[in-house]
Amino acid sequence: MDAFSGSHGTDDRHGFFGREVLEMGTLLFAAGAAHLLVVSLGHSDSGVRTLIVLGVVLLVFSALHRWRRHRRSRRRPPSPLPGTAFPGRSASPVEDRLWSVRVTVADVPGGLAALTGRFAALGVDIRLMQVHPDGTDAVDEFFVSVPPVLDEADLRRAVRDAGGRHAVVRTADVHELSDTTSRTLAMVDALVTGATTLERCLLALAAAHDVRRVEVPEGVGGDGHGGAREELSGTAMALPAPGGGVLAVHRAGVPFTPVEFARCRALAQVARSLEERSLEGRSYDR
């Protein structure tokens, strides 16, 4: 038996008996007061009429009070949930903003806890986190909901105080909150159905700024046979394009991580396989 089923049950029984005694006492007091009032007014018709008028006045006052309260409750609009807005209305200017914070932290026990603790102290809500392992360090990307009183400088200061390095802070879009696996599968489906192109998929998957099909990508070496190999170089990476050529992917300011490179390479491989299968099907039809 827990505390709720034991002591609370006993208290309820005692409370029920106490309420009965209180109600009985109130009733006797009201009856005595009414009798005293009748006696003071005398056993006359005027005394009875006075009591009736007083009762009617009290009933009318109570009815008017209830009607006005009900009318105000119907006019008052429902309160929105925190972080939401009514359809067709612009969001409140004091609504939290979504930011992306990419930072390099030491891949040791407690390295991430210091940063999340700083975020919590500032009232920053972590909505999504992605980890990009990179040797002895880890590149962590946080999508955070930030109170409007904080800005980019506050987020950079929090990262610095927690021992983070190479912080990249930017405003983010709500569509980026979907996990990478779901977005990648959706892109593969779009490639299979022909609803999009590999270039558009790479722009979205890697948050790249530019994807161009070139013969020899700028700043990326070749394989020694006139072609280009898959290669990662800071803010640029090269991927063999379906049907020949090379896709040069660039992103300003934020270097690509090996994890991002592997994702884009796998997506490019899917596109090349689809292209080869399409060519085989055309040859067979002929």
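View 1. Patches are made of residues with over 30% relative accessible area and no salt bridge, where nonpolar side chains (Val, Leu, Ile, Met, Phe, Trp, Tyr) are joined within 5 Å and like charges within 9 Å. Accessible areas come from the Shrake-Rupley method with a 1.4 Å probe, and for residues only the protein chains shown count as cover. This is a predicted model, in which local features need pLDDT of at least 70 and side-chain atom pairs count only at pLDDT 80 or more, while totals for chains, interfaces and linings use all residues. Residues are numbered from 1 along each chain as its sequence is written, and side-chain values use heavy atoms, with hydrogens and water left out. Here Val60, Leu64 and Trp67 make a nonpolar surface patch of about 320 Å². Leu64 sits in helix 2 (residues 45-75). Helices (H or I, at least four residues) and strands (E, at least two) are DSSP runs, numbered from the N terminus. Leu64 is partly exposed, because its relative accessibility is 48%. The classes are buried (under 20% relative accessible area), exposed (over 50%) and partly exposed (in between), with a 1.4 Å probe and protein chains only.

**View 2. Helix 3 against helix 4.** Two packed helices are described by the angle between their axes and the distance between the axes. Helix 3 covers residues 111-122 and helix 4 covers residues 152-161. They pack at an angle of about 140 degrees, and their axes are 8 Å apart. Axes are lines fitted to C-alpha atoms, for helices over the stretch in contact, and angles run from 0 to 180 degrees between N-to-C directions. Helix 3 and helix 4 are therefore oblique to each other. Angles under 35 degrees count as roughly parallel, over 145 as roughly antiparallel, 65 to 115 as roughly perpendicular, and the rest as oblique. The crossing of these two helices is right-handed. That word applies if the near helix is turned clockwise from the far one by less than a right angle; anticlockwise gives left-handed.

View 3. Side chains of opposite charge can pair when their charged atoms come close. A salt bridge is a side-chain nitrogen of Lys or Arg within 4 Å of a carboxyl oxygen of Asp or Glu. The structure holds 11 of them. In this one, the side chains of Glu260 and Arg102 meet at 2.9 Å, N to O. The pair links distant parts of the chain: Glu260 is in helix 7 (residues 258-285), Arg102 is in strand 1 (residues 97-106), and they are 158 residues apart.

View 4. Arg272 pairs with Glu230, with the closest N and O atoms 3.7 Å apart. Arg272 lies in helix 7 and Glu230 in the loop between strand 5 (210-214) and strand 6 (231-233), so the bridge ties together parts that are 42 residues apart in sequence. Arg272 is buried, at 14% relative accessible area. Glu230 is partly exposed, at 30%. Asp210 forms a salt bridge with Arg212, and here the closest N and O atoms are 2.6 Å apart. Asp210 is partly exposed at 28% relative accessibility, and Arg212 is partly exposed at 31%.

**View 5. Positive phi at His166 and Ala207.** Most residues other than glycine have a negative phi, and most peptide bonds are trans. His166 has a positive phi, near 55 degrees. This residue is in strand 4 (residues 165-171). His166 counts as exposed, because its relative accessibility is 62%. Ala207 has a positive phi of about 50 degrees, and it is not a glycine. Ala207 lies in the loop between helix 6 (198-205) and strand 5. Ala207 is partly exposed, at 35% relative accessibility.

**View 6. Pairs apart in sequence.** Phe142 is in strand 3 (residues 137-146). Phe142 is buried, with a relative accessible area of 0%. Phe142 and Met129 are 13 residues apart in sequence, and their C-alpha atoms are 4.5 Å apart in space. Ser178 lies in the loop between strand 4 and helix 5 (180-193).
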